[in-house]
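Here are some notes to read beside the structure. Keep the view open and take the points in order.

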Amino acid sequence: MNGMSRRTFVGLGAAVAAGVASTSLTGCGSSTAKKTEAASANVKLPTYVPYTGVKPDLPPNAKGLDSGFLSYPKTLVRSVPKPPGDGSKVTLLTEIWTPPPTPKDANAHWQQLNKKLGVDLSVIMGTDPGYDQKFAATVAGNELPDLMWIPPNQGIQHVAQLLEAKCADITELVSGDAVKAYPHLAAMTQAHWKTAVVNGRIWGAPSPYPAFGQVYGGNPKVWEKAEGLSASSPDEFLAKCKEVTGGKVWALEPIYSNAVSVMSQCFGVPNKWERGKDGSLTFWMETDAYLEAINFAIKLKKAGVFYPGNPDMADAYIKMAQGSIGACVYANPTNARKDLRINAPELASQILVPFAAGGSGGPRHHLHRGTIGYTAIKKGDEKRVKMLLSILNYMAAPFGTEERESQEFGSRDLDFTFDKSGFPVRTAKGKKEVEGLRSGLETATVSPSALIASMFEGDARVQDVKDVYAIEQKLIPIGIPDPTVGHYSDAYTEYYPRMSTDAKDLVNDIVSGRKNIKEWKPFWTEAKKRGLDKMRKEFQKSLDKSGE
Amino acid sequence: MLALMVPGLAFFLVFFYVPMLGNVIAFQDYQPFIGFQDSPFVGFANLQELFADPAFWEAVRNTLVFALLQLLLFFPAPLALALLVNSLISGRTRRFVQSIVYLPHFISWVLVVALFQQVLGGAGLLNNFLREHGMQPWDLMTNPDTFPLLITGQAIWKDVGWGMIIYLAALASVDQSLYESAAVDGAGRWRRMWHITLPAVRSVTILLLVLRLGDILSVGFEQFLLQRDAVGARAAEVLDTYVFYHGVVYGDWGIGAAAGLVKGVVGALMIWGANKVAHAFGEQGVYSK
């Protein structure tokens, strides 16, 4: 996926990032609360039919390994035979992560795309932060958009009521084999679809995102001194950090909450929640292993290997490209490689594979939920809902199809040209007209993530795909999912934003030495009373019901 | 004639008084999706919860400390600078200095904080210099103890020139012949300042003081939001960031509004009190009796 805001999705990975909330509703009437508990249980998810029209160079696997494409195909496959639209007006509410595109009236690419879609598509573009406010304001107005992207992490509340009152229940249209009418939507896995299930029904097309989670990505020049960004024990990691720190270079960015979150993977901390043998749930920050991870971060801090800056500094990635920071936390390995290539094209970022830091769990990798939400459809007659589903199907066309190229790059020679190795590169016009619109469309829905050479800038794209693919192969054996993905808890929406901000503040205070680590455990004893136990109970009930 | 007032009245009505009705959410368990009408009323529960929250009182304490420091250090600064600039004889130099000291006002807080970070931060100019010369680095930007001075310093750097304008205007209106006759009578420069200059700016000063007092709990927002993580919430949370975190980030709109309301009520009381003081000085204040 191109152009996602880096910081946001780092935040998404770390449950501790500020202000992340979740889907569904907050403290409202008990009738809806009861309904939500049914959650994803008992709905027949769409059948998974992988798209076989374009063959990848590096094969995916069922465990979540991405497919890899090393070249840009000479001939593209036409995967949607005729324009899916009926000539009507369609509005889409979504978020963009780039500068906004030229407005539709002056945007030749947009008009061209509308012809291909067969509709007059208007896009209401939210930004980050602030999407929740844009969403609330748009929905509160009388004109509900036809398609609405609903993220699980931006504090949008009362989603369940909104869906029930104003959105189309598409369960019948996509459940089981019915989804085959929309082949690109059928290519999404059931794990993807789970995101779009609320109150036991399916409400929209998922927005896939890489399924790998947070990692340290490093500047190879900095780590050269210490034989690369890798380690087999905390002591070795600490020693390497000390070795590369000196002069105007520091080993790690000072975003302590992310540092602890990534290090916690080495200490075997669960991915957000862990389900015990008896079915009980433990929150990751309550565990002793998490405490050890904080302790290790304190050690790193005392050794002076964190860059001396603000723990929410916004330019850490730039500083890393310039070589004054050794490693930063990225949302996933792909972003780590992609981002450094943008800021310093000659540098291939190295990725730290979690090492064993003792303890029982061994190293783990916290997988991402694999989507950034879903796009719901406004209630309407079945014909219209089906038409809108076909539009979403078009938007989810995978790499190697004509539909994908026309959305991602626009028209040949006008919006993009091919570079010497045959990869498309946007022209100045393409940057203005295509980039922003594509960003909004791919937020709404996109084909499942894949490693595609044209995603990376610079001349070493093929190597980038192979490297990230290799890293993913190393992460898969230690990867663990968050067991509560696809389950809903009212208490989670209500209490989690505050709990996570307070926890992040406390981690910052403890690691920077303003508070004592002894305050950590009592904080979580207190948190139990302030909603943690309630979330636990609700998730547990939902998990029990679904038999997971 | 009265009809000419309509646009002005409408402006205040639509953009000030009608939105004030929104404060009703301080007494509701408000959710934007449901709206004012359907959100349940909870009476004073939000205020109770607010007053029971230690973080609120920390925010109040910080706000008061910053406000007091700003009043003591920041408030007199523009006057002092105005006197200094006013004493420049060359018109050209004066205009040049004026332009330079205004400029920072137009720089956003993001940039001001970044500039301070570049100079005083852990990897900034000062500390790189200290490190290179074998001295202990001294990170001012992440030290919660010196934070109140730091933010007051930033505020002065940014806005002292802007605040000076109004005093300069008052000084420009002083009749020059007063100085001449005072000089003829043998008054030195300090006497002239005491008997002519300062009385000339007194009413402006008091007016500004009253306005400042009414607004005293608004010590700033972006400045604190940007530096909150660097020194921790305990040192940097002020009422406005408290409202932001509770209202917007945590989704407790009711509590956020309640905190904003408390701030508004205190501000109104301060204006009323300060105006009394102004009257006691024989000045007009914001409104006369």
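1. Start with the annotated domain in chain B. An unreviewed UniProt entry lists "domain: ABC transmembrane type-1" for residues 60-274 of chain B. The model itself is predicted. Over residues 60-274 of chain B, the chain is 77% helix and 0% strand. The end C-alpha atoms of that stretch are 20 Å apart.

2. Next, a helix pair in chain B. Helix 3 (residues 54-74) of chain B packs with helix 8 (residues 147-172) of chain B at an angle of about 50°, and their axes are 10 Å apart. The angle makes helix 3 of chain B oblique to helix 8 of chain B. Their crossing is right-handed. On the helix 3 side, the residues that meet helix 8 of chain B are B:Val65, B:Phe66, B:Leu69, B:Gln70, B:Leu73 and B:Phe74. Helix 8 of chain B answers with B:Pro148, B:Ile151, B:Thr152, B:Ala155 and B:Ile156.

3. Where do the two chains meet? The contact takes 27 residues from chain A and 20 residues from chain B. On the side of chain A that touches chain B, helix 4 (131-140) and helix 19 (490-511) of chain A are the elements that give two or more residues. Helix 19 of chain A supplies the largest share of that side, six residues.

4. Helix 11 (residues 222-231) of chain B deserves a look. Nine of its ten residues are buried, so this helix is largely enclosed by the rest of the structure. Among the buried ones are B:Phe224, B:Leu225, B:Arg228 and B:Asp229. What do they pack against? The buried residues of helix 11 of chain B pack against helix 19 of chain A. Within chain B, they also pack against helix 6 (109-120), helix 8, helix 12 (233-236) and helix 13 (239-249). Just after helix 11 of chain B, B:Gly232 takes a positive phi of about 90°.

5. Chain A has a helix 11 too, at residues 256-266. Eleven of the eleven residues in helix 11 of chain A are buried, so the rest of the structure largely encloses it. Its buried residues include A:Tyr256, A:Asn258, A:Met263 and A:Cys266. Just after helix 11 of chain A, A:Gly268 takes a positive phi of about 75°.

6. Finally, a strand pair in chain A. Is strand 7 (residues 204-208) of chain A buried or exposed? Strand 7 of chain A is mostly covered, with five of its five residues buried. Strand 7 pairs with strand 15 (residues 371-377) of chain A in the antiparallel sense, over four bridges. A:Pro206 has A:Tyr374, in strand 15 of chain A, as its bridge partner.

Key: Residues are numbered from 1 along each chain as its sequence is written. Chains are lettered from A and ligands numbered from 1 in the order in which they are written. This is a predicted model: local features need pLDDT of at least 70, side-chain atom pairs count only at pLDDT 80 or more; totals for chains, interfaces and linings use all residues. A residue is buried if 20 or more other C-beta atoms lie within 10 Å of its own, exposed if 12 or fewer, and partly exposed in between; C-beta atoms are placed from the backbone. UniProt positions are given in the numbering used here, feature names are shortened, and annotations may be inferred rather than shown by experiment. Two strands pair if DSSP finds at least two bridges between them. Axes are lines fitted to C-alpha atoms, for helices over the stretch in contact, and angles run from 0 to 180 degrees between N-to-C directions. Angles under 35 degrees count as roughly parallel, over 145 as roughly antiparallel, 65 to 115 as roughly perpendicular and the rest as oblique. A crossing is left-handed if the near helix is turned anticlockwise from the far one by less than a right angle, and right-handed if clockwise. Two residues are in contact if their C-beta atoms, placed from the backbone, lie within 7 Å.
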